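This report goes through selected features of one protein chain. Please keep the sequence and the structure in view while reading.

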Amino acid sequence: MSAPTPLIAGNWKMNGTAESLAQASAVAAAAPAAGVRVALCPPATLLASMSRALAGGQVMIGAQDCHPEPSGAFTGDISAEMLADAGASLVILGHSERRAGHGEDDAAVASKVQAALRAGLEPIICVGETRQEREAGQALAVVTGQVRGSLPAALAGKAFTVAYEPVWAIGTGLTPTLEDIVEVHQAIRATLRDMFGEGGGAPAILYGGSVKPGNAAEILALPEVGGALVGGASLKAEDFLAIVAGSPKA
Ligand code: PGA
């Protein structure tokens, strides 16, 4: 099976107001037309305006979370259908900031993945170990356990992406060694093959955690690294485009 087209996705987290759309437009103006998929995942408040601003271009729009139900009495929550209606085609699920800050366990993430599929959104499912888990030699067990628990069988044959984001590397400027990144990505690939079979799709496995213009190219060139999930460095178009430029093209 041929390698998936690399995906470079920017996760704006809880950052951005209407004036930030200029950064998104700058990304859209310079993003490559082929060979790499480029996505921006703004806060939900900007989904509709960003999708209007970038309409007809190459840059895809993603959300950062969804509720499992399509509608109902869930004050403050947003359904996958609503995200699609606002212009999203992707959704980040199970980010460690949601797992840690909102008590999302693997089962909760899996139910959100089901919701994304129901709404026609491509899920980007995040996994990653804490510093304590890595120091205790548990990184591979934790990450592969999260993959098994967070990815429902319904993903077979569907478009989806997994993002390996070590919790201790997010927003810290720290990154694993290149060998450690490859080791975890290979373990995720083996787990996906075991779950979905050789023919069950070959999703891109992204690396995330302190990806910057200065380290992107060497990380993106590693075997089994199919792109990046970029937080802080995605807020400035210049930095994000430099990371996109470091991606090997499909
Ligand atoms: P960072 O965040 O690039 O700021 O480390 C990555 C992420 O949380 O997706």
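## Arg 52 in helix H2

Arg 52 belongs to helix H2, which covers residues 47–53. In this predicted model, Arg 52 has a relative accessibility of 62% and therefore counts as exposed, since the cut-off for that class is over 50%. Between Arg 52 and Leu 7 there are 21 Å in space, taken from C-alpha to C-alpha, and the two residues are 45 positions apart in sequence.

## The barrel

Eight strands form a closed barrel. Their order is E1-E2-E3-E4-E5-E6-E7-E8, and the pairing is parallel. From one strand to the next, the twist averages 25°.

Strand E7 spans residues 205–208. Ile 205 and Tyr 207 point to one side of the strand, Leu 206 and Gly 208 point to the other, and all of them are buried.

In general, strands of a sheet pair through backbone hydrogen bonds, in either a parallel or an antiparallel sense. E7 pairs with strand E6 (residues 161–164) in the parallel sense, over three bridges. In that pairing, Ile 205 of E7 is the bridge partner of Val 162. E7 also pairs with strand E8 (residues 227–230), again in the parallel sense, over two bridges. Here Tyr 207 stands opposite Ala 228 of E8.

## Two positive phi angles

Ser 210 sits in the loop that joins E7 to H9. Its phi is near 60°, a positive value in a residue that is not glycine. Because its relative accessible area is 8%, Ser 210 is buried; the limit for that class is under 20%.

Glu 224 is in the loop between H9 and E8. Glu 224 is not a glycine either, yet its phi is positive, at about 70°. With a relative accessible area of 27%, Glu 224 is partly exposed.

## Helix H10 and its neighbours

What does H10 lie across? Helix H10 (residues 237–245) lies across strand E1 (7–11), strand E2 (37–41) and E8. Relative to E1, H10 runs at about 160°.

Helix H9 (residues 213–220) packs on H10 with the two axes 8 Å apart and an angle of about 20° between them. H9 and H10 are therefore roughly parallel to each other, the cut-off being under 35 degrees. The crossing of H9 past H10 is right-handed. On the H9 side, Pro 213, Ala 216 and Leu 220 take part; they meet Asp 239, Ala 242 and Ile 243 of H10. Sorted by class, this contact has five nonpolar residues, one charged residue and no polar ones.

## Helix H1 against H10

Helix H1 (residues 21–30) also packs with H10: their axes come within 9 Å and cross at roughly 30°. That angle makes H1 roughly parallel to H10. H1 passes H10 in a right-handed crossing. From H1, the contact is made by Gln 23, Ala 26, Val 27 and Ala 30, and from H10 by Ala 237, Phe 240 and Leu 241. By class, the residues of this contact are six nonpolar, one polar and no charged.

## Thr 191 in helix H8

Thr 191 is part of helix H8, residues 178–196. Is Thr 191 buried or exposed? Its relative accessibility is 5%, so Thr 191 counts as buried. Leaving aside residues up to four places away in sequence, Thr 191 touches Thr 144, Val 147 and Arg 148.

Methods
Residues numbered from 1 in each chain as written. Predicted model: local features only at pLDDT ≥ 70, side-chain atom pairs only at ≥ 80, totals over all residues. Heavy atoms only, no water. Axes fitted to C-alpha atoms, helices over the stretch in contact; angles between N-to-C directions. Helix = DSSP H or I, 4+ residues; strand = E, 2+ residues; numbered from the N terminus. Parallel < 35°, antiparallel > 145°, perpendicular 65-115°, else oblique. Left-handed = near helix turned anticlockwise from the far one by under 90°. Contact = heavy atoms within 4.5 Å. Nonpolar A, V, L, I, M, F, W, Y, C, P; charged D, E, K, R; others polar. Buried < 20%, exposed > 50% of the residue type's maximum accessible area, 1.4 Å probe, protein only. Pairing = 2+ DSSP bridges.
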